[in-house]
Amino acid sequence: MLDQVRIVLVGTTHSGNIGSAARAMKTMGLKHLYLVDPQAMPDGKSVALAAGAVDVLENVTICDSLQQAIADCGLVVGTSARNRTFSWPMLDPRECGEKVIAEAPNYPVAIVFGREAHGLSNDELQQCHFHVCIPANPDYSSLNLAAAVQTLCYEVRMAWLSHQQHESEQTEYPLAEQLEGFYQHLEQTLRQTGFIIPQHPGAVMTKLRRLFNRARPEVTELNILRGMLSSVQKPGRKKHASHQEDAQQASDVDNNDKE
């Protein structure tokens, strides 16, 4: 899923920022870096600041225009720190990460960063489906390019991790037919034990149905409950319970004789 995410830097003027952005990407599991009309190409300073993320630099894609860099993308999010003269659908960083991961299985997605000095132009922002703004300190909102890349790559990774965890924790709930079978089994057992009196059943089963519907047991939990009911219904258990009752009655008689 992360392989579908690309980071696009437009008009970058400092080669060191390219290396720092590559490092920020790799720490979060992203590897596809696109440079649009770069004013400085990756060099020794880029490699030094990449600090081990040289593979990202070696596989960088150079494009003449933003349109070329995002041509095959189904979702494009542009970063913006300034109020524009026109309104555009806005995301915060967390929403950005979640939307990127939600749509990445369908097609490549791009997060676009502008020039260090003045960001993306209005024409470039209009090529994006959404804009994302990092809510920095309003008294000092100047973010280094690599810091902005790190922030949004982090949110993408967190959304991806959440998605992975959700997939691994998929809960299997019983079908209505299975649940009905459990209720019939429960009622049968409670009648056999005398908890429910056939002549006066009352509303016991209605209340128990409400309780278990509210709890919504999983398939494995329902199997445990049915196993418990089956153990109560075993003839051996009834015989054992009868022996215990006889022993208790004998003990009571013996104690009465002593008294």
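Student: Let me start with one residue pair. Which residue in β2 does Val 10 stand opposite?

Tutor: Val 10 faces Val 36 of β2. Bear in mind as we go that this is a predicted model. As a general idea, the strands of a sheet are paired by backbone hydrogen bonds, in either a parallel or an antiparallel way. Here β1 and β2 run parallel and are joined by 5 bridges.

Student: How many strands does the whole sheet have, and in what order do they lie?

Tutor: The sheet is open, with 7 strands in the order β3-β2-β1-β6-β4-β7-β5, and its pairing is parallel. At the edges you will find β3 (61–63) and β5 (90–91), each of which pairs on one side only.

Student: Could we look at another pair in that sheet? Over how many bridges do β4 and β7 pair?

Tutor: Strand β4 (residues 75–79) pairs with strand β7 (residues 130–132) over 3 bridges, again in the parallel sense. To find one on your screen, pick Gly 78: its bridge partner in β7 is His 131.

Student: Back to β2, then. Is it mostly covered or mostly open?

Tutor: Mostly covered, as 4 of the 5 residues of β2 are buried. Have a look at helix α1 (residues 15–27) too, which lies across β1 (5–10) and β2 (32–36). The helix runs at about 155° to β2. For the chain as a whole, 35% of the 259 residues count as buried.

Student: Now the helices. What describes two packed helices?

Tutor: In general, you give the angle between their axes and the distance between those axes.

Student: Which residues of α8 and α10 meet?

Tutor: On the α8 side they include Leu 179, Phe 182, His 185, Leu 186 and Gln 192. Among those they meet in α10 are Leu 222, Leu 225, Arg 226 and Leu 229. By type, the residues of this contact between α8 and α10 divide into 7 nonpolar, 9 polar and 1 charged.

Student: And stepping back, how many helices and strands does the chain have?

Tutor: There are 11 helices and 7 strands in the chain. Looking at contacts with a separation of 6 or more, 84% come from residues 24 or more positions apart.

Note on methods:
Residues are numbered from 1 along each chain as its sequence is written. This is a predicted model: local features need pLDDT of at least 70, side-chain atom pairs count only at pLDDT 80 or more; totals for chains, interfaces and linings use all residues. Side-chain values use heavy atoms; hydrogens and water are left out. Contact means heavy atoms within 4.5 Å. Helices (H or I, at least four residues) and strands (E, at least two) are DSSP runs, numbered from the N terminus. Ala, Val, Leu, Ile, Met, Phe, Trp, Tyr, Cys and Pro count as nonpolar, Asp, Glu, Lys and Arg as charged, and the others, Gly among them, as polar. Two strands pair if DSSP finds at least two bridges between them. Axes are lines fitted to C-alpha atoms, for helices over the stretch in contact, and angles run from 0 to 180 degrees between N-to-C directions. Buried means under 20% relative accessible area, exposed over 50%, partly exposed in between (1.4 Å probe, protein chains only).
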